[in-house]
Amino acid sequence: MNQTIETILSHRSVRKFEDKSLTEEQIKTIVKSAQAASTSSFVQAYSIIGVKDKAKKKRLAELAGNQSYVENNGHFFVFCADFHRHALIGELEDTDVTSSIESTEKFMVAVIDASLAAQNATVAAESMGLGICYIGGLRTNIAEVAELLKMPANTIPLFGLAVGYPAQDTGVKPRLPMENVYHEEEYQQDEKVFKEQLEDYNQEISGYYHERTQGKRSDTWTSQMAGMLKEPKRMHMKGFVEKQGFAKK
């Protein structure tokens, strides 16, 4: 155990921040930490857009489903899949890179690169005593978000990251049992064991919610997931991704 691991294991989402902006030095440190993340074949297929403007943050909050913490935080980062610079590289090097950029493989590379960078940014921010909350709600109105941020072809706003000084103390939400996530040599074959592990986890999560809400909530994880997955959401994503020049083949 060390301080880095303690920071990682104490992660929790923060949805209420103090009215205090991050300093330029803090922003720079977080972005530099993000850039230090691993990247597939040194491609670095992502960009980060920082948003300080209050009116723009308010609009992003509306587009994300009226999430107040998108507007009220110390700084708001938008992590983007980005092969725009690589399209420019094709022009600089007089090389046709379009087919590669349009492949599903390169779309996955961009999403993975951006996600790794964001997690580095999160660990850096939390190590500085700051809190964070990932915002996938930006994809609900993704075309409007892209337009607001003036994003070119071959870029996609994947998710936001609200960062700031926590104004609330939230508990660490229990994760799935390690045995349900970590498999050795091959994927777990016994589905009965899988289900038993999920039932045990349901009891833990139900107890967590019951204690946190003083008995007002005690739902299980599997009921949450079943409800969420019952109907597909954001079905506009495929069309937008292809329109931006990704995953066409």
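The lining of the second largest pocket comprises four nonpolar, five polar and seven charged residues, where Ala, Val, Leu, Ile, Met, Phe, Trp, Tyr, Cys and Pro count as nonpolar, Asp, Glu, Lys and Arg as charged, and the others, Gly among them, as polar. The structure is a predicted model, in which local features need pLDDT of at least 70 and side-chain atom pairs count only at pLDDT 80 or more, while totals for chains, interfaces and linings use all residues. Residues are numbered from 1 along each chain as its sequence is written, and side-chain values use heavy atoms, with hydrogens and water left out.

The volume of the second largest pocket is about 320 Å³, a volume being the space filled by probe spheres set on grid points that are joined across faces, edges and corners. A pocket is defined on a 1 Å grid over the protein atoms alone as an open set of points where a 1.4 Å probe fits, with protein on both sides within 12 Å along at least five of seven lines, and its lining residues have an atom within 4 Å of a point. Of the 16 residues that line the second largest pocket, D19, S21, K54, K57 and N73 lie nearest its centre.

For the largest pocket, the computed volume is about 570 Å³. Its lining consists of 17 residues, with S13, R15, C133, Y134 and K173 nearest the centre. Two or more of the lining residues are given by each of β3 (131–135) and α10 (191–212), helices (H or I, at least four residues) and strands (E, at least two) being DSSP runs numbered from the N terminus. The largest share of this lining, three residues, is contributed by β3. By class, the lining of the largest pocket holds five nonpolar, seven polar and five charged residues.

Eight salt bridges are found in a search of the whole structure, the criterion being a side-chain nitrogen of Lys or Arg within 4 Å of a carboxyl oxygen of Asp or Glu. In one of these, K52 pairs with E24, and the closest N and O atoms are 2.2 Å apart. This pair links distant parts of the chain, since K52 is in the loop between β1 (46–51) and α3 (54–63) whereas E24 is in helix α2 (residues 24–35), 28 residues apart. A further salt bridge joins R85 to D82, with the closest N and O atoms 3.8 Å apart. R85 is partly exposed, at a relative accessible area of 34%, whereas D82 is buried, at 7%; buried denotes under 20% relative accessible area, exposed over 50%, and partly exposed the range in between (1.4 Å probe, protein chains only).

K249 and E102 also form a salt bridge, in which the closest N and O atoms are 3.5 Å apart. K249 lies in the segment after α12 (237–243) and E102 in the loop between α6 (98–101) and α7 (104–127), so the pair ties together parts of the chain that are 147 residues apart in sequence. K249 is exposed, with a relative accessible area of 52%, while E102 is buried, with a value of 16%. Salt bridges with shared partners join E102, K248 and K249 into one network.

The segment after α12 also contains F246, which is buried at 0% relative accessibility. F246 and S99, 147 residues apart in sequence, have their C-alpha atoms 9.8 Å apart in space.
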